[in-house]
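Have a look at it first, then read on.

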Amino acid sequence: MNPRAADLARWWQVAPSGQVVIDAQGQILQVNHTLSDWLDYPVHELVNRLASELFTAESRMLYQGVVAFRLADVGAVNEVHLSLSLANGDTLPVLCSARRVGTQDAPQTMLSMLPIARKDQLERELLEARQVAQSALEEKEAVIAELESMRSTLKSHNDELQRLTTRLGHEARSDPLTGLPNRRHFDVALQDLLVRADVNHLAEGFSVALMDIDHFKPVNDEHGHAVGDQVLQQLAKLLSSQLRGRDFAARIGGEEFALLMPVTSIDEASSALERLRQAIEIDSWQPVPITVSLGVTSYLPGDTRESLMARADAALYSAKHQGRNLVAKR
């Protein structure tokens, strides 16, 4: 062998890529030291084996289905991703290229393999990173969904609490049978008018009236409390429809009602209450006619809730004493 050929042979043995020469049947004729070192098999144990046996079971199918097919078809194949099966049981990912050489009488094929362990590791790390990122995203979405569910639940509870608070507030200030303001609400409204009148020295003042259903006890006794309740409800509707927008009517007892009439003198109040009395008298009542007695008074400087209510009560007593179904003032 001439020196140049000997140098080429040495370089082939230590080339940075694994080199294999196979015959037409796919048996190994030559293996360089580089590939022998990777596989951790001596060269003589690799020669005369099938080249496909160098690879893992999965890669053998790819080798036979792609590399061998392309070699038979076009005589060459480039960079097929395969995995070598090492002596210690590990695998080594490589890019395998092949080219047919030799003569028609003695065809041979050279396989060249470059390790891609780093690329394979990076791909695995990238896949793992994607899986971690996907898992984190799914966990984040689950947390967001849970928080959204909690927010929705809290909003629902808050809305329900708001409705309950509103209802309880309304119930605390309203008469459950008629829906009119109750005694407590009336007292607050009256006190507010008294404070404003005292502070501002209102010249126009305001009026307070008490109204009582005439002979209401016999209605309950003879026709039952259900009929009595219907009468109270009908009267409450009539009050709401007849009073002026700024007036305030409340049920403060069994069949007793109170009215606040801001910016209203006693004469104006008497006239308005007379129209109310007449409307009640002519309304359609079943099973018996209903009339009311009313007593009205107006604010005087220095008045308190007690003094105003006492005068209104005295006026109501006067209306009843005079025969009922009329308006008395004091």
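This is a predicted model: local features need pLDDT of at least 70, side-chain atom pairs count only at pLDDT 80 or more; totals for chains, interfaces and linings use all residues.

**Overall shape**
- The radius of gyration comes out at 53 Å, whereas a compact globule of 330 residues would sit near 20 Å.

**Make-up and packing**
- You'll find ten helices and ten strands in the chain.
- Of the 330 residues, 37% count as buried.
- Take the contacts with a separation of 6 or more: 53% of them join residues 24 or more positions apart.

**Charges**
- There are 44 negative side chains against 33 positive ones.
- The centres of those two sets lie 4 Å apart.

**Nonpolar cores**
- The largest nonpolar core has 28 residues, and Met211, Ile213, Leu239, Leu259 and Leu276 have the most contacts inside it.
- Strands S6 (206-213), S8 (256-262) and S9 (292-298) each bring at least two residues to this core, and so do helices H7 (216-223), H8 (225-242) and H9 (266-282).
- H8 supplies the largest share of this core, with seven residues.
- Leaving aside neighbours within four places in sequence, Ile213 is in contact with Val231, Leu232, Leu235, Glu255, Phe257, Ile290, Thr291 and Val292.
- A second, separate core has 24 residues, among them Phe55, Leu82, Ala98 and Met113.

Methods. Residues are numbered from 1 along each chain as its sequence is written. Side-chain values use heavy atoms; hydrogens and water are left out. Helices (H or I, at least four residues) and strands (E, at least two) are DSSP runs, numbered from the N terminus. The radius of gyration is taken over C-alpha atoms; the globule rule is 2.2 Å times the number of residues to the power 0.38. Buried means under 20% relative accessible area, exposed over 50%, partly exposed in between (1.4 Å probe, protein chains only). Contact means heavy atoms within 4.5 Å. Lys and Arg count as positive and Asp and Glu as negative; His and the chain ends are not counted. The place of a charge is taken as NZ of Lys, CZ of Arg, CG of Asp or CD of Glu. A nonpolar core is a set of buried Ala, Val, Leu, Ile, Met, Phe, Trp, Tyr and Cys residues joined through side-chain atoms within 4.5 Å.
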